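Me: I would like to learn how to read a few features of a model. Please take me through them one at a time.

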Amino acid sequence: MSIILYSDDINLLAHWEKALENETYKSVDELYQLEDIENSIIITDYESCKRDCEKFLKVSRERDNRVLVLDRVPELNRAKRVLKFGAFGYGNALMRPHFILSALDALREGMIWLYPELTSQLILELPESEEKNNEIMLQKLTPREKEVALLLKEGLTYNEIAERLDISARTVKAHAQATYHKLDVKDRLGLALLLK
């Protein structure tokens, strides 16, 4: 899939281009130029497309594009809105390069990507489920995986869990990946939905 960048803000474009230095991409100057793009990943900022956001995302979806909408001040309600309209991802326009690359990987796989802080907020909004069902599911996990799973369910980040359990963030990620595999979910949001 091609990567297409669009923004009215040249500073954001420069930031994204730096993050994508090892990727092949092209920039377009006007929103209407995106109308002919097909089967691509489009990275844009909310401010540049907010006027016609719903229409733009619908047309992009119909043309098999996967749109990552980035925002200078990410908000959970705006994230829900753009995802509902057809975006594949939403995050901070100035996030670190590894987050941008992570988002690209998720979009290439056809998955939805959400900035980690927003994922934590979304998890906290989920209603609680019965403890008995959770215990049955968690029996498949090792004691450490169970600890990590319960902290992920509460919306903690890998770094916060690492601090709390006095282990490395890399170890937390390994336990999380094993947990996702054993419980047949794709990510921490899927885990939270399963356990809430």
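Me: Is T179 buried or exposed?

Reply: First, the ground rules. This is a predicted model, where local features need pLDDT of at least 70, side-chain atom pairs count only at pLDDT 80 or more, and totals for chains, interfaces and linings use all residues. Residues are numbered from 1 along each chain as its sequence is written, and side-chain values use heavy atoms, with hydrogens and water left out. Buried means under 20% relative accessible area, exposed over 50%, partly exposed in between (1.4 Å probe, protein chains only). T179 has a relative accessible area of 0%, so T179 is buried.

Me: Which residues is T179 in contact with, leaving aside neighbours within four places in sequence?

Reply: Contact means heavy atoms within 4.5 Å. On that basis T179 touches L141, E145, A149 and L191.

Me: How many disulfides does a search of the whole structure find?

Reply: A disulfide is a covalent bond between the sulfur atoms of two cysteines. The test is a pair of cysteine sulfur atoms within 2.5 Å. Here the search finds zero. For C49, the closest cysteine sulfur is in C53, 4.6 Å away, so the gap is too far for a bond. C49 is buried, at 0% relative accessibility. C53 is buried as well, at 1%.

Me: Which residues have the most contacts inside the largest nonpolar core?

Reply: In soluble globular proteins, nonpolar side chains tend to be buried together. A nonpolar core is a set of buried Ala, Val, Leu, Ile, Met, Phe, Trp, Tyr and Cys residues joined through side-chain atoms within 4.5 Å. The largest has 44 residues, and W16, L34, I43 and L57 have the most contacts inside it. Apart from it lies another core of 19 residues, including L141 and V185.
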